[in-house]
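Please look over the sequence and the model below before reading on.

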Amino acid sequence: MGEGASSSSKKSRKPDYSRFTQQELPACKPILTPQWVVTVFIFLGIVFIPIGLASLSASEKVVEIVHRYDEHCAPTNFTQPDLAYHDRIAFIRNNKSNKTCIRTLTVPKKMKHPIYVYYQLNNFYQNHRRYVKSRNDEQLRNPNFKGDLKKTCAPEDMNGNEPVIPCGLIAWSLFNDTYGFSIKDKGLPINRKNISWPSDKKHKFGSKVFPKNFQKGSLIGGGALNESIPMSEQEDLQVWLRTAALPVFRKLYGKIEHDLEANENITVVIQNNYNTYTFEGKKSLVLSTTTWIGGKNKFLGIAYLTVGGICLFVAIIFILMYVIKPRPFGDPAYLSWNLNPSGN
């Protein structure tokens with residue numbers, strides 16, 4: 001008696017009955033008939049192919065100039081490539097060598113403003129794990145930051161007993177080539193403002209944080225920073241600190257706010273300061289217009305055309321199979337347990 005009472009007093013673990021707990025709610029269970037499958041594939045093909053054609057058309061309207069200049073702006077020895085390699089390294093490391101380089105670009109088609117100016121680097125792995133982690137975001141936005149920089153920024157963490165602001169290898173390797181443009185000896189101004197993400201300027205870089213002890217060590221990496229300008233206005237640095245995912249990447253340098261006519265010759269004065277020769281990298285100057293799809297990019301259009309074409313092809317195959325060799329829908333004769341060992 002007592003044992004039965006104690007067992008009945010135990011709370012049951014069985015949930016209260018409801019259609020939800022018993023999974024008895026109405027559910028949509030679509031049956032994929034051949035007509036539905038063919039219709040879906042045809043619909044996808046009809047949608048994707050026009051999008052692909054529109055993307056390719058927009059990409060073709062982009063006017064782009066890509067000029068590699070690292071080979072032309074350093075000593076070249078075509079007969080002995082090994083000597084040329086060492087000559088270039090010695091040239092770029094020598095602070096007294098004249099690194100001014102003048103190149104001429106020809107506009108292939110009319111380029112309507114705004115014309116975006118990029119620098120492109122090849123064989124530069126900004127996605128390397130140690131490189132990506134070599135920064136301190138709290139230091140960039142908080143003027144009162146006093147934390148340990150060694151864990152995140154070493155070896156570019158301290159200059160003596162003073163912290164380096166901004167610390168880390170990413171900032172230390174800041175790109176520092178410069179470009180000046182002119183047409184028929186008339187200067188072509190470049191707008192260097194608003195080239196970084198507004199969210200970066202507002203949230204990631206403090207208006208009361210200023211560079212300090214930057215590029216003052218024994219080994220200089222890249223460009224220097226003006227210590228009177230706060231981090232929130234150092235847009236070159238903000239663009240550079242947004243690391244690239246691939247070893248070939250472009251970063252925005254500025255914008256030209258004037259139209260360029262076809263066949264115009266642009267004189268570019270380049271200060272070839274950045275060292276890409278030690279790791280056999282490449283440097284290019286890029287001028288590009290944009291459309292609704294952005295810059296020149298054929299991949300998106302080709303991808304849409306490919307997927308749309310595959311969908312239409314599969315739809316045609318299903319139609320032919322349904323016409324040539326039809327079978328009743330839900331025929332139990334095709335169930336595995338109704339087939340004999342020979343599969344007939």
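## Strand pairing

Strand E3, made of residues 115-122, pairs with E8 in the antiparallel sense over 7 bridges, and within this pairing Val117 stands opposite Gly254 of E8. Two strands count as paired if DSSP finds at least two bridges between them, while helices (H or I, at least four residues) and strands (E, at least two) are DSSP runs numbered from the N terminus.

E3 and E8 belong to an open sheet of 4 strands in the order E1-E10-E3-E8, with antiparallel pairing. Its edge strands, each pairing on one side only, are E1 (64-68) and E8 (249-256).

## Basis of the model

This is a predicted model, in which local features need pLDDT of at least 70 and side-chain atom pairs count only at pLDDT 80 or more, whereas totals for chains, interfaces and linings use all residues. Residues are numbered from 1 along each chain as its sequence is written, and side-chain values use heavy atoms, with hydrogens and water left out.

## Disulfides

Taking a disulfide as a pair of cysteine sulfur atoms within 2.5 Å, the count comes to 2. Cys73 and Cys101 form a disulfide with their sulfur atoms 2.0 Å apart, and this link is left-handed, with -65° about the S-S bond. Cys73 lies in the loop between E1 and helix H3 (81-93) and Cys101 in strand E2 (residues 100-106), 28 residues apart.

Cys153 and Cys167 also form a disulfide, their sulfur atoms 2.0 Å apart. Cys153 is buried, with a relative accessible area of 0%, where buried means under 20%, exposed over 50% and partly exposed in between (1.4 Å probe, protein chains only).
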